[in-house]
Amino acid sequence: MVIAERFAIDAAKNALSKESSAAEVKTEGEKSAESLDDCGLRYLLAMKHFTYLQRCLPIKQRAQLQKQGLGTENIIWAFHSESEELLDMIPSVSKGTPTWNELRELGIGWWVTNNSALKKIIEKVAKAAFQRNQDPLDAAVFYLAMKKKSLVWGLYRSVKDERMTAFFKNNFSEERWRKAALKNAFALLGKQRFLHAAAFFLLSGSLKDAIDICIDKLHDLQLAMVISRLYEGDVSPTPSSLKVLLNLHVLGCSSDGSEYESAKAHPDPFLRSIAKWIQKDYSGSLNTLVCPNIGNLHPEFNQDEALALKRKKLDADPSVFNFYIYLRTHPLITRHNLASKKAELASGASPAKESSSAIMLSRFRGESVDGRAGFAISEDGVTQLERRLYFSTAHFHL
């Protein structure tokens, strides 16, 4: 399986290389797929297939595809890619006209974790949003998330809107003007102009209200995450508001990360894995991929998909398999498991079977030292949940 995947990746690289060399015109800033790592390449191939289907499918199916967006089983590869060029390979980004809807479909809110890179791309989104209708308020939520009120003031000045130019010139840290911004936010909320209302909440300094609008009204968790990163990203690369978002809406915990309920966690194992990785719970990021029966009380739970898997007698999503095999050997997880085992040995306790088996890389059997007897014993290098994943995947393909 691993050898076959290696051949598939090499073949994809060759195909993309030929595609690039066959192009007659190559823009100066165009990036080469050859510079991508394997994770970035997997995402790039999935993105190309997604954008191709958007051009070729009938209108009804195209709308459904846009609503679903690129699958999270592909987005998670971009999250683990270390290729900085990946962002520039998105067609709308390379053209300089990205829209938030397009970027959300490609999972940008999940996998762009570098705050400086995120600021650059959102600046392009804000610029394109303004240029479409010449309405500064369309770009305001993005600029105000970056705390660039002066740019919104400048846009209103450029379109010669004297009333709004005068309004944005005020100091909104003062109570009088903060209340004025809140009044405008609630007025826009009543008119169901949710994105504009979120902008005025940010203007008043109310980050929580802006995030709540993204979640409750726009149903856009990615936008909430992006606003959180931009607004508080200078303080911490993983701001507290982002951790609260992930705990409440992905991990099934209370805001402080306690009181875990599996039924309230997100049913998508890839999103749970990303959320745990962001919070530096690397072992948890791996283990959550194979945890069954999660998220049946979450708003995103799909009863039809769950029944379909049950009819096939599958305990795990087969698309998890390839990524699990990759993540199982990730250096951070391996290092964490080795440190845990060393701590257990130092304490004089016999290492648990689960922890020792988790250290195994590509082998399925290995040797560990029995601390009491002082000799090596053979043990199975696959946990029960892993065994279930392997056999359910084999059953699916059969």
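Leu 385 lies in helix H23 (residues 384–397). Helices here are DSSP runs of H or I with at least four residues, strands are runs of E with at least two, and both are numbered from the N terminus. Leu 385 is partly exposed, with a relative accessible area of 28%. Under 20% relative accessible area counts as buried, over 50% as exposed, and the range in between as partly exposed (1.4 Å probe, protein chains only). Leaving aside neighbours within four places in sequence, Leu 385 is in contact with Val 290 and Pro 292. A contact means heavy atoms within 4.5 Å. The C-alpha atom of Leu 385 is separated by 9.6 Å from that of Leu 289, 96 residues apart along the chain.

The model is predicted: local features need pLDDT of at least 70, side-chain atom pairs count only at pLDDT 80 or more, and totals for chains, interfaces and linings use all residues. Residues are numbered from 1 along each chain as its sequence is written, and side-chain values use heavy atoms, with hydrogens and water left out.

The protein has 23 helices and two strands. Of its 398 residues, 45% are buried. Contacts between residues at least 6 apart in sequence were also examined; 59% of them join residues at least 24 apart.

Helix H14 was examined together with its helix partners. Its buried residues are Leu 207, Ala 210, Ile 211, Ile 213, Cys 214 and Ile 215. These buried residues pack against helix H12 (175–190), H13, H15 and H16. An α-helix has 3.6 residues a turn, so residues three or four places apart point the same way.

Two packed helices are described by the angle between their axes and the distance between the axes. Axes are lines fitted to C-alpha atoms, for helices over the stretch in contact, and angles run from 0 to 180 degrees between N-to-C directions. Helix H13 (residues 194–203) packs on helix H14 (residues 207–216) at an angle of about 165°. Their axes are 7 Å apart. H13 and H14 are therefore roughly antiparallel to each other. In this scheme, angles under 35 degrees are roughly parallel, over 145 roughly antiparallel, 65 to 115 roughly perpendicular, and the rest oblique. The crossing of H13 and H14 is left-handed. A crossing is left-handed if the near helix is turned anticlockwise from the far one by less than a right angle, and right-handed if clockwise. On the H13 side, the contact is made by Phe 194, Ala 197, Ala 198, Phe 201 and Leu 202. H14 contributes Leu 207, Asp 209, Ala 210 and Ile 213. By class, this contact of H13 with H14 has eight nonpolar, no polar and one charged residues. Ala, Val, Leu, Ile, Met, Phe, Trp, Tyr, Cys and Pro count as nonpolar, Asp, Glu, Lys and Arg as charged, and the others, Gly among them, as polar.

H14 also packs with H15, at an angle of about 160° and with the axes 7 Å apart. H14 and H15 are therefore roughly antiparallel to each other. H14 passes H15 in a right-handed crossing. Leu 207, Ile 211, Cys 214 and Ile 215 of H14 meet Leu 221, Leu 223, Ala 224, Ile 227, Ser 228, Tyr 231 and Glu 232 of H15. The classes in the contact of H14 with H15 are nine nonpolar, one polar and one charged residues.

Backbone angles were considered next. Most residues other than glycine have a negative phi, and most peptide bonds are trans. His 219 has a positive phi, near 50°, and is not a glycine. His 219 is found in the loop between H14 and helix H15 (221–232). His 219 is exposed, with a relative accessible area of 65%. Glu 259 also has a positive phi, of about 55°, although it is not a glycine. Glu 259 sits in the loop between helix H16 (240–249) and helix H17 (269–278). At 63% relative accessibility, Glu 259 counts as exposed.

Gln 54 lies in helix H2 (residues 38–56). Gln 54 counts as buried, at 15% relative accessibility. Its side chain makes a polar contact with the side chain of Glu 105 (2.9 Å). Not counting residues up to four places away in sequence, Gln 54 touches Arg 62, Leu 65, Gln 66 and Glu 105. A polar contact is a pair of N or O atoms within 3.5 Å; within protein, one must be able to donate a hydrogen and the other to accept it, and residues adjacent in sequence count only if both atoms are side-chain atoms. His 80 is placed in helix H4 (residues 72–80). His 80 is buried, with a relative accessible area of 8%. Beyond four places in sequence, His 80 touches Cys 39, Trp 277, Phe 323, Tyr 326, Leu 327 and His 330.
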